[in-house]
Each structure stands twice: as structure tokens, then as C-alpha cells.
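Me: I've got a model open and I'd like to go through its fold bit by bit. Can you take some questions on it?

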Amino acid sequence: MKMFKVATALLPMLFSAGLAFAGPGDAGHGHSNFSAGEPGDPKKPFRVVEVTMQEGDGTMSYSPKSLDVKRGEQIKFVITNGGALAHEFILADEKDNLKHAALMQKFPDMQHDDPNGKSLEPKAKNEILWRFSKRGTFEYSCLIPGHREAGMTGKVIVK
Ligand SMILES: [Cu+2]
């Protein structure tokens, strides 16, 4: 199956990304893991955006569901898991998130603590400081199998 091939090819890249720059296989990949821009600089100004994860009648969602950003702007996402299940916040473009989601079908217990992605247990809180250096439409999504499908994606539009 085509999907399987893609997921297998992605494996080393995603696992080295999970080691947060420590892996020897990281050289040359650098920013290629970050389709939505780059990690932010805490010494520069940023806007705080509070994001809540929640579950409802067969749905799962983020609040807010979308966000408009100016190109070059830094956003500090302050993320709270207000649900009863574990969730994640993975910031990327749709293409990368769909590939990553296919991989997580095989490895549903993957945990993320990356510059662009965090796993949050129920009631947990975490932060991501991000610089949106590119124009385009990006997203934050929960790639735990079934969660994206239940509505767990938010849009970031960078103009
Ligand atoms: Cu989730």
C-alpha cells in the first residue's frame, strides 16, 4: 500500500525530530521538519493566544478554531487540555500533518515534545512559541488516531 511506504520513509525523520536536535541524523534536515515557520525567539515580542482542547458529543475540538497571523509575527500558544482524554497540538501544514497522522496509525502511543508539537495529558498545560515566517495556511491538529477525524484541527492563516 502506498500509505505504508510513505510512513516507513518518514520514520527516521520523525524520531530524530522527537529528540529535539540531539540526533546525529538531524544534520541537513533542520527546518525541513517545520513547515509552518520556525521556533520563536523569547527575546522578541510575541502575542499570547490561549488554546483549549475539549471533547463534546462525539466531537473533539480546539478553541479557537482558527487564527489570523501577520507574516513574521510571533505567537505564544498557551495550550490547556480541558478534556478527559490525552490530546496533542502539532503545528505544521496540512500535508505534513496528514503524513504524520498516517504514521501515528501505526504508532498511536507516540509522544511529542518538540518545538512545534506537544502531547498533553488531561488537565495539563504547555506552551509553544512560534514565529510564522511564511505566508500560507497552516494548522494545529491532534494526530492521535480518531481525533483529527472527530474535528481536532485549527487553522492558522498567515498573511
Ligand atoms: Cu486529541
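Predicted model: local features only at pLDDT ≥ 70, side-chain atom pairs only at ≥ 80, totals over all residues.

Me: Which element gives the largest share of the largest nonpolar core?

Reply: That core has 28 residues, and A36, F77, F89, L91 and V156 touch the most other members. Several elements give two or more residues to the core, among them strand 2 (47-56), strand 5 (74-81), helix 2 (94-106) and strand 9 (125-131). The largest share is four residues, and the element behind it is strand 6.

Me: Leaving aside its neighbours within four places in sequence, which residues is V156 in contact with?

Reply: V156 is one of the core residues that touch the most other members. Once the neighbours within four places in sequence are left aside, its contacts are A36, L67, V69, F132, F138, E139 and Y140.

Me: In which sense do strand 2 and strand 5 pair, parallel or antiparallel?

Reply: Seven bridges link strand 2 and strand 5. One place to look is R47, whose bridge partner in strand 5 is I75. The sense of the pairing is parallel.

Me: And which residue in the turn between strand 2 and strand 3 has a positive phi?

Reply: Strand 2 and strand 3 run antiparallel, with five bridges joining them. Q54, for instance, sits opposite S61 in strand 3. The two strands make a hairpin with two residues between them, and the one in the turn with a positive phi, about 70°, is G58.

Me: What is the peptide bond from S63 to P64, cis or trans?

Reply: P64 belongs to the loop between strand 3 and strand 4 (66-69). Omega for the bond from S63 to P64 is near 0°, and the bond is cis.

Note on methods. Residues numbered from 1 in each chain as written. Core = buried A, V, L, I, M, F, W, Y, C linked by C-beta atoms within 7 Å. Buried ≥ 20, exposed ≤ 12 C-beta atoms within 10 Å, placed from the backbone. Contact = placed C-beta atoms within 7 Å. Pairing = 2+ DSSP bridges.
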